[in-house]
Amino acid sequence: MTINIEHFRKKLLDEQRRVERELADVGRINPDNKNDWEPVAADLNIDSAEDEERAGEITDFEDRSAVEFELEKRLNEIIAALGRIQEGVYGICRVCKKSIETDRLEANYSADTCMAHMD
């Protein structure tokens, strides 16, 4: 089975841009590590006397942290898939070394296992 690598490279790059935009909405690049994102609070100007507002901001930050974590995980999967394209092993199952089904790659452009070896 031959897959259209350029098709998947374009899809991965498009998805990478989308995920990075979404990450920018909930976080920022860690100034100490350019390969890491960290969540940011929506509003840092909280009056210490407003307990309800402070609780809301803490909840918002926790929500942003969860979203940031999942988006960063997805971004790392995309970057890894782009690396596999560069290495010439994209579309090859990391477990059995057979071709990953095109339907699986269309559903998840960064898949690194065939359907038989999905987690």
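## Basis of the description

A residue is called buried when its relative accessible area is under 20%, exposed when it is over 50%, and partly exposed in between (1.4 Å probe, protein chains only). The model is predicted: local features need pLDDT of at least 70, side-chain atom pairs count only at pLDDT 80 or more, and totals for chains, interfaces and linings use all residues. Residues are numbered from 1 along each chain as its sequence is written, and side-chain values use heavy atoms, with hydrogens and water left out.

## Overall architecture

Three helices and two strands make up the secondary structure of the chain, in the sequence order α-β-β-α-α. These elements are DSSP runs numbered from the N terminus, helices being H or I of at least four residues and strands E of at least two.

Of the chain's 119 residues, 30% count as buried. The accessible surface comes to about 7900 Å², with 49% belonging to carbon and sulfur atoms; areas come from the Shrake-Rupley method with a 1.4 Å probe, and for residues only the protein chains shown count as cover.

## Helix α1

Helix α1 spans residues 5-26, 22 residues in total, and reaches 32 Å from its first C-alpha to its last. At the start of α1, a side-chain oxygen of N4 lies within 3.2 Å of the backbone nitrogen of E6.

The buried residues in α1 are F8, L12, E15, Q16, V19, L23 and V26. They lie on the same side of α1 because they cover an arc of only 115 degrees around the axis. On the other side of α1, K10, R21 and D25 are exposed.

Notes. Expected span 1.5 Å × (residues − 1). Arc of directions from axis to C-beta. Polar contact = N/O pair within 3.5 Å; in protein donor to acceptor, adjacent residues only side chain to side chain.
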